[in-house]
Amino acid sequence: MEWIERLNATMNYIEERLTDKIDYEEIARIACCSVYHYQRMFGYMAGVTLAEYIKRRRMSAAATDLQDGGKVIDVALTYGYDSPTAFNRAFQSVHGVTPSSAKQKGVSLKTYPPLSFKMTIKGVEEMNYRIEEKAAFRIVGFREPVTSDAEEMFECVPLFWQKTAPQIPQVISLMNGEPKGLLGVSTCNEVEGKQNYYYIAVSSDMPAPDGMHEESIDENTWAIFPGSGTVDDIQALQIRIVSEWLPTSGYEWANAPDVEVYLNDDVQNMQFEVWLPVVKK
């Protein structure tokens, strides 16, 4: 239950600062994980991105203030919008009407109550996993600079796979180590001053050819989840890992790279593993 309590503490933090700056690093500190991992975890469990949730909560509160007689410009500033145009855009995206229209009686508005997390009993569908201690290994392949913003990652990583697809056979030809398979590796751990990357790579001790790069993955404890299917099935498994397995596992998300291992090249029936870096609570 400690893990659920931390998530709810982050919700309290957000509620207390709807009219102030919301610091993602402080949210992550409360949850005892990295900013990147928190955003992924929140999105999987809430079904909406962290940024979208915060916007909905602010616009819900803003609608109440407007109906209580607040001026549009004052309400915009209260919720952190220096530009009336930006506030108008955000308000309409949530309510479907302009802020000035919201002041009129009888107008239809929406409300998004604060989220709270609780433990639910599931377990109808089994989930296979194993915990393994893995020595450090070296990866070689193509990489794309990324930020620790998980929402940006969700957009840029699929494009990177599309761009790199013609060169994947060249990457696979370098594979001579463990784990076997084509790897998708996100190095979005919180290391000050270090650029984060997403790699399409293999485990190899061969020199990185021109245009490719290498990275060392430190020794870690991994929770390894096998799966099969399409890209949608990978995401579904990741959601189940975070929402069903992690809260009761006795482990926490470690500040280390995330790894996906693709064991074949059939995009309609992929065999894959999701490697989650973990530490014992």
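The buried residues of α2 (24-31) are Ile27, Ala28, Ile30 and Ala31, where buried means under 20% relative accessible area, exposed over 50% and partly exposed anything in between, with a 1.4 Å probe and protein chains only. They sit on the same side of α2, because the arc they cover around the axis is only 160 degrees; the arc is that of the directions from the helix axis to the C-beta atoms. On the face turned away from that buried side, α2 carries the exposed residues Glu25 and Arg29. The buried residues pack against α1, α3 and α4, with contact taken as heavy atoms within 4.5 Å. Helices here are DSSP runs of H or I with at least four residues, strands are runs of E with at least two, and both are numbered from the N terminus.

All of this comes from a predicted model, in which local features need pLDDT of at least 70 and side-chain atom pairs count only at pLDDT 80 or more, while totals for chains, interfaces and linings use all residues. Residues are numbered from 1 along each chain as its sequence is written, and side-chain values use heavy atoms, with hydrogens and water left out.

As for how α2 meets α3, the two axes come within 9 Å and cross at roughly 80 degrees. Axes are lines fitted to C-alpha atoms, for helices over the stretch in contact, and angles run from 0 to 180 degrees between N-to-C directions. The pair is therefore roughly perpendicular, going by a scale on which under 35 degrees is roughly parallel, over 145 roughly antiparallel, 65 to 115 roughly perpendicular and the rest oblique. On the α2 side, Tyr24, Glu25, Ile27, Ala28 and Ala31 make the contact, and on the α3 side Val35, Tyr38 and Gln39 do. Sorted by class, that gives six nonpolar residues, one polar and one charged. Nonpolar covers Ala, Val, Leu, Ile, Met, Phe, Trp, Tyr, Cys and Pro, charged covers Asp, Glu, Lys and Arg, and polar takes the others, Gly among them.

Helix α1 (residues 2-16) also meets α3 (residues 35-46), with axes that come within 13 Å and cross at roughly 95 degrees. Trp3, Leu7, Thr10 and Met11 of α1 touch down on Tyr38, Met41, Phe42 and Met45 of α3, a set with seven nonpolar residues, one polar and no charged.

The loop between α2 and α3 holds Cys32, which has a positive phi of about 60 degrees despite not being a glycine. Cys32 is partly exposed, at a relative accessible area of 41%.

The largest nonpolar core has 72 residues, and Ile14, Tyr38, Met41, Phe91 and Trp245 have the most contacts inside it. Such a core is a set of buried Ala, Val, Leu, Ile, Met, Phe, Trp, Tyr and Cys residues joined through side-chain atoms within 4.5 Å. Helix α4 (residues 50-67) gives the most to this core, eight residues. Leaving aside residues up to four places away in sequence, Ile14 touches Ile22, Ile27, Leu50, Tyr53 and Ile54. A second, separate core of 13 residues includes Val185, Trp222, Val259 and Val261.

Overall, the chain has 10 helices and nine strands, and 45% of its 281 residues are buried.
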